[in-house]
Amino acid sequence: MTRSVAIFLCLTFTIPALAAGQDLDQRIADLERQLAEAKASVAALQRTIEALSQGVQALRQGDTRSAVATTTAVPVAASTSAPSEQAAGTQTDASHDFAERIIGPEIGGNEQDNELEAEPEIFIQSRYSVAPLDGSGTAFDPNLRLSRIETRWAGRINDRLGAGIEIQFQESVEGSPEKLVNDAFLEYYLTDYATVRGGQFIVPFGFAVQQSSWLRESPERPIFSGYFFPGERDRGIMLSGDFGFLSAAGFKSLQYFVGAFNGNRFFNDNNRQVNYMARIRKIFDKDKLAVGASVLLGKQLLPRGVSGNDNQRLFGLDFQFTTGRFGLRGEVMAGNRPSTPATIEPVFFPAFRPGAHSSAGALLVSYRVAGAHNVYARYNQFNGDPATGLNIRAFNFGYFHPIGQRSRLSFDYQFKNHPSFEDDAVNGRFQITWGIFLK
């Protein structure tokens, strides 16, 4: 009897202890699992924060190519989210990228928010062109070419000083080594709202001239860019910034650019005068609408033995608008007909006459079909072509889609009533373009 009681008492206290031990082990296992999941979530959140910080930094400095690549990477970093949340995040990023590309809020911005590093940005664009334009005089067999090979270093050196340099190697491949240097400038940050830049850089006129080739929908810029601003660059000094320091609501997101440049088509400046350029741009409604106005006042070269009006005056208006999946851009400009292209020695356009005028315009409609799939159509016209004197009309439509984070494939078909000198030698009716951006 005593032995039975002892065994009963032993079991009475041992079984709960064993059960408690097993429960403790299970709780420890559950806590360890939850801890591992929490650590994974924290790591994913940290990667997302870093990606978003890089995107904000890229947008502040005007590097929309890096911003597109960074924001595309965010949903991947947050891979612990549920599939529906990931899909919603991807959709949001695609919509955001679309609006950023249409509006371009940081076009013309400085390099203050980007630290200068030894690692360069590299942009490579290859193209397949077929079906040359009738009567262009530059017929080619269907060909593959490297339309752009560029490397760039740009950023802040210290709290007050920044710099940038960009080299384009395709010019050397095509036999124009004098055009190797795209950008070479220094900039000084007077305040958070004012920057002085000096050297060689993109001129602050209109939208299409300044838009990055990485982001542009069509293979090349509108016709007027190649005539009025060959190479899109000039040498000079510029004051730029915004009126954010003013308290009035109307001055918020109001940008300004004022500069003096060599002019005369960039390579053949020999009239010892400068051209003055100014631009103002306002962004409305949370980056859904932007309007801008630009002006250029200066002188240009006249052929030897020819006298008359040597003014170089150009006026332009542009707007960008986006709503939902639709984007719309328009730009017009008019002024004195350009006398020369960008050449080392002056070469004058056959249809140039002192006092003659030219006008141009472009309208682009873009639609985001689904995700990052995009289609577009663009009409652009140039009246008073300096090479032929004709009015040139062109219409092109196409499709482009990012492949991964740093690559993009596009297809474009073009209708054109007359050839124009600035792009027909390399562009046919149909283009397939593949671009890669590395950082």
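Predicted model: local features only at pLDDT ≥ 70, side-chain atom pairs only at ≥ 80, totals over all residues.
Residues are numbered from 1 along each chain as its sequence is written, and side-chain values use heavy atoms, with hydrogens and water left out.

Now the salt bridges, meaning a side-chain nitrogen of Lys or Arg within 4 Å of a carboxyl oxygen of Asp or Glu. The structure has 13 of them, including these:

| Pair | N to O distance |
|---|---|
| Arg101 and Glu217 | 2.5 Å |
| Arg152 and Glu111 | 2.9 Å |
| Arg233 and Glu166 | 3.3 Å |

Take Arg101 and Glu217, which form a salt bridge. Arg101 sits in helix 3 (residues 83-103) and Glu217 in the loop between strand 5 (194-202) and helix 5 (223-228), so this pair ties together parts 116 residues apart in sequence. Helices here are DSSP runs of H or I with at least four residues, strands are runs of E with at least two, and numbering starts at the N terminus. Both Arg101 and Glu217 are buried.

Then there's Arg233 with Glu166, joined by a salt bridge. Arg233 is in strand 6 (residues 233-242) and Glu166 in strand 3 (residues 161-168), 67 residues apart. Each of Arg233 and Glu166 is buried. Through shared partners, salt bridges join Glu111, Arg152, Glu166, Asp183, Arg221, Glu232 and Arg233 into one network.

Definitions and conventions. Buried < 20%, exposed > 50% of the residue type's maximum accessible area, 1.4 Å probe, protein only.
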